[in-house]
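Subject: Handover of the two-chain structure

Dear colleague,

Please find below the structure that I promised to pass on to you. My notes on what was found in it follow directly after it, and I would be glad if you read them with the coordinates open.

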Amino acid sequence: MSDPIELLLIESELEHDAVLRDLLGEIEHEAIAVRPMPSAELSALMNPRSAAARRPRRRSFAGRSAIITGVVVIGALGLGATAAAASPEARSVIGAGVAAIAHLFQPALVAPEPAPTPRHPASGTDVPSTDPSAGASDGPSADPTADATGEPSPSADATAGANNHSGSSGHSGDSKSEDSHGNSTGNQSGHGNGTGQGNGGPAPTP
Amino acid sequence: MLPDPSAHSGTATDRFTAAYRELSPRVLGYLRSHGVDDPEAATNDVFLGLHAVFDSVAGGGDGVRTLTFSIAHARLVDFHRAQARHPRNVPFEADDDPRYAVSAEESALDRVGGVAMTLLQRLGDDQRQVVSLRVIAGLSLEETAQVMDRSVGSIKQLQRRGLESLRALMAREVIDV
């Protein structure tokens, strides 16, 4: 019999009531029969060592190397873009390198098609890939009479705009047109624009 | 035996852990006897509150016990206030329906365990709190008065009436059986 119960009975002048004494003992026994589980926060307070062991570790070496590789690739892409904007010669070299690196790191994003045509301006090898309609319109550009009949279709223009090299290849036969390209080759899109002018209207060269 | 928080033997963590082991079943039983929804979570809350002030507790082991049940009593008051503000909606349970008549077998099983706690739960709030703080928490008359913020005289009166009510409830239970 625990002391608090005996004390309680004495204070209440019921110390001779054995039934009540048993009942109070039973209440105490039932009440403390269940031992609660400490929560995670409380366990950490009572067991600081195991809590410290459960703290998250630093990023693994593989994770860090992946981040470094990503930064290097992004830097290389940025450098390539800057150099391409600054120098047409560097553009062709670095652009090809960056494209190769991007192709290596993103195999899933590249469609399983044949390799894209190289980005060399005014390359003679690009001639066979020229759209026949663009070639046909190129000829009439020197001939004003063909303008009425040889108006290029929007689809042909779009094709030429999308494929920058097709325009330059179309002009490869004409030395004057090539000169005009040389003037307007500030960037790759300039090639496409030049081609569009050549296709659609009178010859841009003086 | 509860450790003295200001003792120099062992670490503060060890003393707190010893207090938890000694008192947590009693705190859980005290909260259960008052029908708290989630008594285990409430018990954890009580000891988190105790941990925050454990090093500054005065009065040795008795001080720890009194403070622990003061926190538990405060949580109990908060629980009853919250329950009064937001009545709890519960799904229908056939076993909880008061029109449900227990079978003789169920009645016998109920009496095997928990009948004493059931009798305690039938007491009025104040009488139940005094009896549970005296019996389950093991507090003295003065400590109970301190926890409930009442005079010793009123606690003495409440505990006497509570014991007499318990006696009467038990006699009625025996007659029913």
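In which helix of chain B is B:Phe69 found? Before the reply, please keep in mind that this is a predicted model. B:Phe69 is found in helix α3 of chain B, which covers residues 60–85.

I begin with the surroundings of that residue. B:Phe69 has 27 other C-beta atoms within 10 Å and is therefore buried, given that 20 or more are needed for that label. Leaving aside residues up to four places away in sequence, B:Phe69 touches B:Tyr30, B:Leu133, B:Ala137, B:Leu139 and B:Val147. The C-alpha atom of B:Phe69 is separated by 9.7 Å from that of B:Leu50, which lies 19 residues away along the chain.

Among the contacts in chain B with a separation of 6 or more, 62% are between residues 24 or more positions apart.

Two helix pairs in chain B deserve a description. The axes of helix α1 (residues 12–33) and helix α2 (residues 39–53) of chain B come within 9 Å and cross at roughly 140 degrees, and α1(B) and α2(B) are therefore oblique to each other. The crossing in which α1(B) passes α2(B) is right-handed. On the α1(B) side the contact is made by B:Phe16, B:Tyr20, B:Ser24, B:Val27, B:Leu28, B:Leu31 and B:Arg32, which meet B:Pro39, B:Glu40, B:Ala42, B:Thr43, B:Val46, B:Phe47 and B:His51 in α2(B). Sorted by class, this contact of α1(B) with α2(B) comprises nine nonpolar, three polar and two charged residues.

The second pair is formed by α6(B) and helix α7 (residues 141–148) of chain B, which pack at an angle of about 130 degrees with their axes 10 Å apart. α6(B) and α7(B) are therefore oblique to each other, and α6(B) passes α7(B) in a right-handed crossing. Here B:Gln129, B:Val130, B:Leu133 and B:Arg134 in α6(B) meet B:Thr144, B:Val147 and B:Met148 in α7(B), and the residues of this contact divide into four nonpolar, two polar and one charged. B:Leu133 and B:Val147 are also among the residues that B:Phe69 touches.

How many residues of chain B are in contact with chain A? There are 33 of them, in contact with 28 residues of chain A. The elements of chain B that give two or more residues to this side are α1, α2, α5 (115–121), α6 (125–135) and α8 (152–176), and α1(B) gives the most, with ten residues. By class, the side of chain B that touches chain A has 15 nonpolar, twelve polar and six charged residues.

Finally, in chain A, helix α1 (residues 3–11) has A:Ile5, A:Leu8 and A:Leu9 buried. Seen down the axis of α1(A), its buried residues fall within an arc of 95 degrees, so they line one face of the helix. A:Asp3 and A:Ile10, on the other side of α1(A), are exposed. Just after α1(A), A:Glu13 takes a positive phi of about 55 degrees.

With kind regards

How values were computed. Residues are numbered from 1 along each chain as its sequence is written. Chains are lettered from A and ligands numbered from 1 in the order in which they are written. This is a predicted model: local features need pLDDT of at least 70, side-chain atom pairs count only at pLDDT 80 or more; totals for chains, interfaces and linings use all residues. Axes are lines fitted to C-alpha atoms, for helices over the stretch in contact, and angles run from 0 to 180 degrees between N-to-C directions. Helices (H or I, at least four residues) and strands (E, at least two) are DSSP runs, numbered from the N terminus. Angles under 35 degrees count as roughly parallel, over 145 as roughly antiparallel, 65 to 115 as roughly perpendicular and the rest as oblique. A crossing is left-handed if the near helix is turned anticlockwise from the far one by less than a right angle, and right-handed if clockwise. Two residues are in contact if their C-beta atoms, placed from the backbone, lie within 7 Å. Ala, Val, Leu, Ile, Met, Phe, Trp, Tyr, Cys and Pro count as nonpolar, Asp, Glu, Lys and Arg as charged, and the others, Gly among them, as polar. A residue is buried if 20 or more other C-beta atoms lie within 10 Å of its own, exposed if 12 or fewer, and partly exposed in between; C-beta atoms are placed from the backbone. The arc is that of the directions from the helix axis to the C-beta atoms.
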